[in-house]
Amino acid sequence: MGRGAGRRRAVAVAVVLLLAAQGCASGARMDAFQMARSPSATPSPLDTGTTRRLDEAVKGVMHVANVPGVIVGFWRPGSDPYVRAFGVADKDDNTPMRPGLHMRIGSVTKTFTVTAVLQLVDDGKIGLDDPISKYVSGVPDGDGITVRQLAEMRSGLFSYTEDPQWEKDMLANPMRAWTPRELLKYAFDHPPVFAPGAKFQYSNTNTILLGLAVEKVSGRELHEYLTTEVIEPSGLKDTTFPTDASFPEPHAQGYTAQDEQGKIVNATDWNPSWAWAAGAMTSTLDDMKKWAPVLAKGTLLKPATQAARVNAPSVGISGLRYGLGIFDDNGWLGHNGSLPGYQTVVVQLPEQEATLVVLANTDIPHDGNEVSTLFAQAITSITTPDHVYTLPAASTSPAASPAPSPTTPRSFNTPTPLAPATTLPPPAHPTLPATPGG
């Protein structure tokens with residue numbers, strides 16, 4: 001993480017968006033059947049007054065964070081759905097944002113990839129505690145890193161998206177088509193940052209390896225397996241895993257910041273292959289509404305496998321846990337995502353059977369906060385005040401070191417290239433153990 005500010009250029013925030021928080025050892029877990037918090041008061045229906053407050057809150061975030069457009073949906077039994085689209089899908093012609101538009105969903109892709117892995121566990125074809133070397137060759141310490149540790153982000157493998165040469169190559173040609181092995185080469189040029197299982201550190205390298213394991217065991221390409229075994233059985237009609245820069249129509253345009261001065265560019269057609277199993281997918285509000293409960297309830301998995309999935313280890317931050325490709329943020333189970341021009345939150349609160357989806361067409365942070373987090377926090381503060389979605393954030397400070405702190409948790413996301421540079425203050429939470437050798 002300790003790269004010079006000049007070398008990092010406009011991607012300083014990209015590493016921070018990665019959530020490289022090193023938490024305590026994996027022994028600190030929550031029982032899978034105690035994931036729901038103590039019962040709170042019966043939720044009130046979304047009456048006219050509450051709906052008006054939600055409208056004002058969402059529009060307030062848009063104004064403050066300068067978000068072009070956003071689609072939001074909140075569903076809870078006993079209430080009318082709250083579904084809104086605000087702002088524009090295309091700034092050039094002021095096309096209004098609409099709930100049915102396709103969006104890139106970034107690291108929500110990880111939930112699909114890990115679901116595929118767990119299906120193969122159910123089929124007896126993959127063992128959670130098997131070494132990754134059984135399925136993928138050439139992994140440093142591959143005999144000592146398990147499938148479980150990869151899914152829980154505890155492998156210790158360097159994330160290719162933190163490599164300065166990858167950064168340079170990515171910025172030079174956003175339309176480049178990447179192969180998984182090309183991505184892994186950047187990661188494997190670095191030694192592991194800690195021993196397998198010792199800590200938590202979000203690394204996209206982990207999910208790339210899991211995608212390759214799915215291909216090895218199934219004998220099918222990842223996008224084919226996910227389509228037939230995960231997407232279609234979930235009833236998702238508008239969710240895709242593109243193999244190039246293709247983007248289903250109609251879709252919103254996505255806007256990102258290209259340099260340290262914050263020049264905004266259209267990133268809609270950039271090739272997401274650099275994120276592959278970790279973040280290449282597209283979807284819609286309706287499909288993500290369906291996916292959130294499938295993910296949280298384990299519809300596609302055996303009960304014991306789902307129990308293992310959500311038996312989430314702590315990442316060392318109060319209220320925040322990361323299981324097998326799924327997080328628990330104050331009771332909300334799911335994932336967020338970020339790619340150039342797009343950010344997403346897809347979560348469910350099992351205690352209330354509530355579902356929340358946020359789809360924004362920018363990834364430009366506001367004062368160190370991801371805009372998707374700001375929307376989700378604003379909505380849950382009103383609808384589920386006992387369970388507020390709030391991933392920790394960092395703010396800009398000119399007195400801080402130019403290198404982001406590796407213990408500053410931000411989000412569970414595929415990092416976003418070409419985000420505006422920023423510097424970060426020391427983390428507000430207690431400093432976690434330093435990363436050995438890094």
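Q: Where is Gly279 found, in terms of the strands around it?
A: This is a predicted model, where local features need pLDDT of at least 70 and side-chain atom pairs count only at pLDDT 80 or more, while totals for chains, interfaces and linings use all residues. Residues are numbered from 1 along each chain as its sequence is written, and side-chain values use heavy atoms, with hydrogens and water left out. Helices (H or I, at least four residues) and strands (E, at least two) are DSSP runs numbered from the N terminus. Gly279 sits in the loop between β6 (264–266) and β7 (282–283).

Q: Is Gly279 buried or exposed?
A: Buried means under 20% relative accessible area, exposed means over 50%, and partly exposed is in between (1.4 Å probe, protein chains only). The C-alpha atom of Gly279 is 8.2 Å from that of Asn413, 134 residues away along the chain. With a relative accessible area of 0%, Gly279 counts as buried.

Q: What is the mean pLDDT of the protein?
A: pLDDT is the predictor's confidence in each residue, from 0 to 100. Here 80% of the residues reach 70 or more, and the mean is 84.

Q: How many contacts beyond near neighbours in sequence does the stretch 1–40 have?
A: A contact here is a pair of heavy atoms within 4.5 Å. Over residues 1–40 the pLDDT is below 50, and residues 394–410 are also below 50, with 64 such contacts. For 1–40, the number of contacts in the model is 143.

Q: Why do the buried residues of α7 line one face of the helix?
A: In α7 (residues 180–188), the buried residues are Pro180, Leu183, Leu184, Tyr186 and Ala187. They line one face because, seen down the axis (taking directions from the axis to the C-beta atoms), they fall within an arc of 150°.

Q: Which residue of the β1–β2 hairpin takes a positive phi near 90°?
A: Two strands pair if DSSP finds at least two bridges between them. β1 (residues 69–75) and β2 (residues 82–90) pair in the antiparallel sense over six bridges, with Val72 partnered by Arg84 in β2. There are six residues between these strands, and the one with that phi is Gly78.

Q: Which residue of the β2–β3 hairpin takes a positive phi near 60°?
A: β2 also pairs with β3 (residues 95–96), antiparallel over two bridges. Asp90 has Thr95 in β3 as its bridge partner. Four residues lie between the strands, and the one with positive phi is Asn94.

Q: Which side chain meets Arg84 in a salt bridge?
A: A salt bridge needs a side-chain nitrogen of Lys or Arg within 4 Å of a carboxyl oxygen of Asp or Glu, and the count comes to six. At 3.0 Å, N to O, the partner is Asp55.

Q: Which side chain meets Asp129 in a salt bridge?
A: Asp129 lies in the loop between α4 (109–122) and α5 (147–151) and is exposed at 53%. Its partner, 19 residues away in α5, is partly exposed at 21%. The N to O distance is 2.9 Å, and the partner is Arg148.
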